[in-house]
Amino acid sequence: TSTSTSTSTSTSTSTTSSTTTSTSTMPGMKIVTKFSRPPKQRKMLMRMMTTSLVKHGQIRTTHSKALELRRFADRVVKWARRGDIHSRRLAGSLILQTTTVNYLFNEFPARYPHRTSGFTRIRKSHNRRGDGAPLSYISFVEPDDPQDVIVPVRVAEE
């Protein structure tokens, strides 16, 4: 009797798990933090958080959401400083409440007359109990004080 032994060769291939990174890094694309959500949910999340930040002046959220929210908040304050009808419509498409849009366009241009960017401040807080996510407070910076504004002086050449 002949015994045939079949040897099975197993090839061990190292497979890397294809996980979705938090940012999109394909060349030519904008880098957007995904937050493990579909695009419509991400946009609505940022719209709701921007509305709350303008309405209340300060909110507490995770640090990564605060970093992403800063882009939207600075954009709507720049629109408010511009003050034309097109900017008001752009802000109305991003902010969910018309009373908040009116507050933004009435109060913020007088609050930041000389500041061109950097309207928000992010302060780190504790880690959240339960999942350990780092929390941060995002708020608008204090209004400009006219005495603190440094106006460049031009020297007349003779």
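**Stop 1: the whole protein**

Show everything as a cartoon. Keep in mind that this is a predicted model. Count the elements: the protein has four helices and three strands. Now trace the chain along the sequence. The pattern reads α-β-α-α-α-β-β.

Colour by burial next. Of the 158 residues, 30% count as buried.

**Stop 2: helix 2**

Select residues 63-82, which form helix 2. Pick the C-alpha atoms at its two ends. They are 29 Å apart.

Look along the helix for a bend. Helix 2 bends by about 30° at Leu 69.

Now show the side chains of helix 2. Its buried residues include His 63, Lys 65, Ala 66, Glu 68, Leu 69 and Phe 72. Further along, Ala 73, Asp 74, Val 76, Val 77, Trp 79 and Ala 80 are buried as well. An α-helix has 3.6 residues a turn, so residues three or four places apart point the same way.

What covers the buried residues of helix 2? The cover includes helix 1, helix 3 and helix 4. It also includes strand 1 (58-62), strand 2 (120-127) and strand 3 (134-140).

Helix 2 is followed by Gly 83, with a positive phi near 80°.

**Stop 3: Met 46**

Select Met 46, which lies in helix 1. Is Met 46 buried or exposed? Its relative accessible area is 3%. The cut-off for buried is under 20%. Met 46 is therefore buried.

Show what surrounds Met 46. Leaving out residues up to four places away in sequence, Met 46 touches Phe 35, Lys 65, Glu 68, Leu 69 and Phe 72. Of these, Lys 65, Glu 68, Leu 69 and Phe 72 are among the buried residues of helix 2.

Met 46 and Ala 66 are 20 residues apart in sequence. From C-alpha to C-alpha they are 9.7 Å apart in space.

**Stop 4: Phe 35 and Ser 36**

Move to Phe 35, which Met 46 touches. Phe 35 lies in the segment before helix 1. Ser 36 is in that segment before helix 1 too.

Check the backbone angles. Most residues other than glycine have a negative phi. Phe 35 is not a glycine, yet its phi is positive, about 55°. Ser 36 also has a positive phi of about 55° and is not a glycine.

Phe 35 has 18% relative accessibility, so it counts as buried. Ser 36 has 78% relative accessibility, so it counts as exposed.

**Stop 5: helix 4**

Select residues 98-111, which form helix 4. Helix 4 has 14 residues. From its first C-alpha to its last it reaches 20 Å, close to the 20 Å expected at 1.5 Å a residue. Find the bend: about 25° at Leu 104.

Which residues of helix 4 are buried? They are Thr 100, Val 101, Leu 104, Phe 105 and Phe 108. These residues pack against helix 1, helix 2, helix 3 and strand 3.

Zoom in on Thr 100. At 3% relative accessibility, Thr 100 counts as buried. Leaving out residues up to four places away in sequence, Thr 100 touches Thr 51, Val 54, Lys 55 and Ile 95. Thr 100 and Val 54 are 46 residues apart along the chain. Their C-alpha atoms are separated by 6.9 Å.

**Stop 6: the largest pocket**

Finish with a surface view. The largest pocket holds about 330 Å³ of space. It is lined by 16 residues, and the closest to its centre are Val 32, Lys 43, Glu 68, Arg 71 and Phe 72.

Where does the lining come from? Helix 1 (39-56), helix 2 and helix 3 (85-94) each supply at least two residues. Helix 2 gives the most, with five residues.

Colour the lining by class. It has eight nonpolar, two polar and six charged residues.

Conventions: Residues are numbered from 1 along each chain as its sequence is written. This is a predicted model: local features need pLDDT of at least 70, side-chain atom pairs count only at pLDDT 80 or more; totals for chains, interfaces and linings use all residues. Side-chain values use heavy atoms; hydrogens and water are left out. On a 1 Å grid over the protein atoms alone, a cavity is a set of points where a 1.4 Å probe fits but cannot get out, and a pocket is an open set with protein on both sides within 12 Å along at least five of seven lines; lining residues have an atom within 4 Å of a point. Grid points are joined across faces, edges and corners, and a volume is the space filled by probe spheres set on the points. Ala, Val, Leu, Ile, Met, Phe, Trp, Tyr, Cys and Pro count as nonpolar, Asp, Glu, Lys and Arg as charged, and the others, Gly among them, as polar. The expected span of a helix is 1.5 Å times one less than its number of residues. The bend at a residue is the angle between axes fitted to the seven residues ending there and the seven starting there. Buried means under 20% relative accessible area, exposed over 50%, partly exposed in between (1.4 Å probe, protein chains only). Contact means heavy atoms within 4.5 Å.
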